[in-house]
Amino acid sequence: MGIITGVFSFFYHLPRIYKWLLQPYYITSFFLSVAFLFTRKCPGLCENLTSTREDGDSCALDWREVEILMFLSAIIMMKNRRAFTIEQHIGNVLLFSKVANIILFFRVDLRLGLVYIALCVVFMITCTAPVYMGPEYITYFTDKTIEEELQRDSRIRWIVEFYANWSPDCQSFAPVFAELSLKYHSTFLRFAKIDVGRFAEMAEKYQVKSSALSKQLPSLIMYQAGREVMRRPVVDSKGRAVSWSFTEDNIIREFNLNELYQRSKKLNKGKEENSAEAEEKVPDQPEPTAEQQEDSDSETKKDK
């Protein structure tokens with residue numbers, strides 16, 4: 001059943017995957033990921049490569065190369081168990097494939113390994129992963145606005161994502177958080193983000209480690225009246241983040257978004273009713289009659 005669900009999910013998201021993969025970053029990354037297989041199978045190139053095969057066929061994979069690729073597959077499967085978006089699944093495949101290519105090229109020829117590493121470095125410098133640009137209902141805080149906004153209205157619950165643009169996990173989580181903001185944004189339940197890569201002092205103030213080795217990016221923290229209500233991932237007594245999967249279902253369940261959304265709608269409805277009652281209580285001023293208007297004019301003339 002799980003396989004069938006996965007297949008249907010793949011075909012459902014196929015248009016988005018197709019559009020996503022056609023971007024220059026992923027096209028280049030794909031060619032780097034299959035570079036060794038192309039070199040090993042390409043006529044005119046493979047004949048010059050060394051091989052440990054008994055038949056001496058340098059255009060076919062030897063047993064050690066097959067073993068490395070099988071080990072690569074096992075690592076990708078283990079890593080993807082914690083992936084929660086299609087982008088993250090494909091990103092893991094491309095990343096670890098490039099690592100395997102480095103090992104394979106160095107095993108065949110030291111010069112090929114150095115050339116491949118140089119190409120990967122150039123790729124990392126010149127190409128950046130595309131940032132999510134889809135629809136969202138998210139407020140972007142800065143170091144000057146975050147504290148004021150969190151404390152502006154004690155009835156509002158803010159769910160704030162602490163993220164960094166350079167983090168692959170934050171890039172993968174961006175469409176999930178955007179989808180949640182579109183579904184659950186209301187007057188008293190709002191979504192926001194702050195870039196701790198840019199505002200590092202905010203990461204320290206709100207106790208979110210933003211180093212490259214930290215497992216606290218992304219971090220979701222709920223605030224009410226400026227006070228922290230809950231956060232994910234949880235940080236233990238030693239300051240280490242407890243592993244947590246940032247799936248849409250997990251966030252809805254842990255942060256109780258369905259109940260908060262319904263409560264926000266009730267508060268907003270009560271606010272509108274109170275405003276309507278206040279408007280009804282204000283008496284309308286009757287227009288003056290002709291006699292009152294004449295008396296007023298005569299009094300004005302006497303004053304003059």
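Does Cys-46 count as buried or exposed, and at what relative accessibility? In this predicted model, Cys-46 has a relative accessibility of 1% and therefore counts as buried, since the cut-off for that class is under 20%. Cys-42 takes part in no disulfide, and the nearest cysteine sulfur, which belongs to Cys-46, is 7.0 Å away. With a relative accessibility of 18%, Cys-42 also falls under the 20% limit and so counts as buried. Cys-127, at 23%, counts as partly exposed.

A search of the whole structure finds one disulfide. The bond joins Cys-46 to Cys-59, with a distance of 1.8 Å from S to S. The torsion about this S-S bond is about 70°, and the disulfide is therefore right-handed. Cys-46 lies in the loop between α4 and α5, and Cys-59 is likewise placed in the loop between α4 and α5; the pair therefore ties together parts that are 13 residues apart in sequence.

At the start of α5, a side-chain oxygen of Asp-62 comes to within 3.1 Å of the backbone nitrogen of Arg-64.

The buried residues of α5 are Glu-65, Ile-68, Leu-72, Ile-76 and Asn-80. Viewed down the axis of α5, these buried residues fall within an arc of 100°, so they line one face of the helix. In general, an α-helix has 3.6 residues a turn, so residues three or four places apart point the same way. The face of α5 that is turned away from the buried side carries the exposed residues Trp-63, Met-70, Phe-71, Met-77 and Met-78.

The buried residues of α5 are covered by elements that include α4 (35-41) and α6 (86-108). When residues up to four places away in sequence are not counted, Ser-97 touches Ser-33, Leu-72 and Ile-76.

Definitions and conventions: Residues numbered from 1 in each chain as written. Predicted model: local features only at pLDDT ≥ 70, side-chain atom pairs only at ≥ 80, totals over all residues. Heavy atoms only, no water. Buried < 20%, exposed > 50% of the residue type's maximum accessible area, 1.4 Å probe, protein only. Helix = DSSP H or I, 4+ residues; strand = E, 2+ residues; numbered from the N terminus. Arc of directions from axis to C-beta. Contact = heavy atoms within 4.5 Å. Polar contact = N/O pair within 3.5 Å; in protein donor to acceptor, adjacent residues only side chain to side chain. Disulfide = S-S within 2.5 Å.
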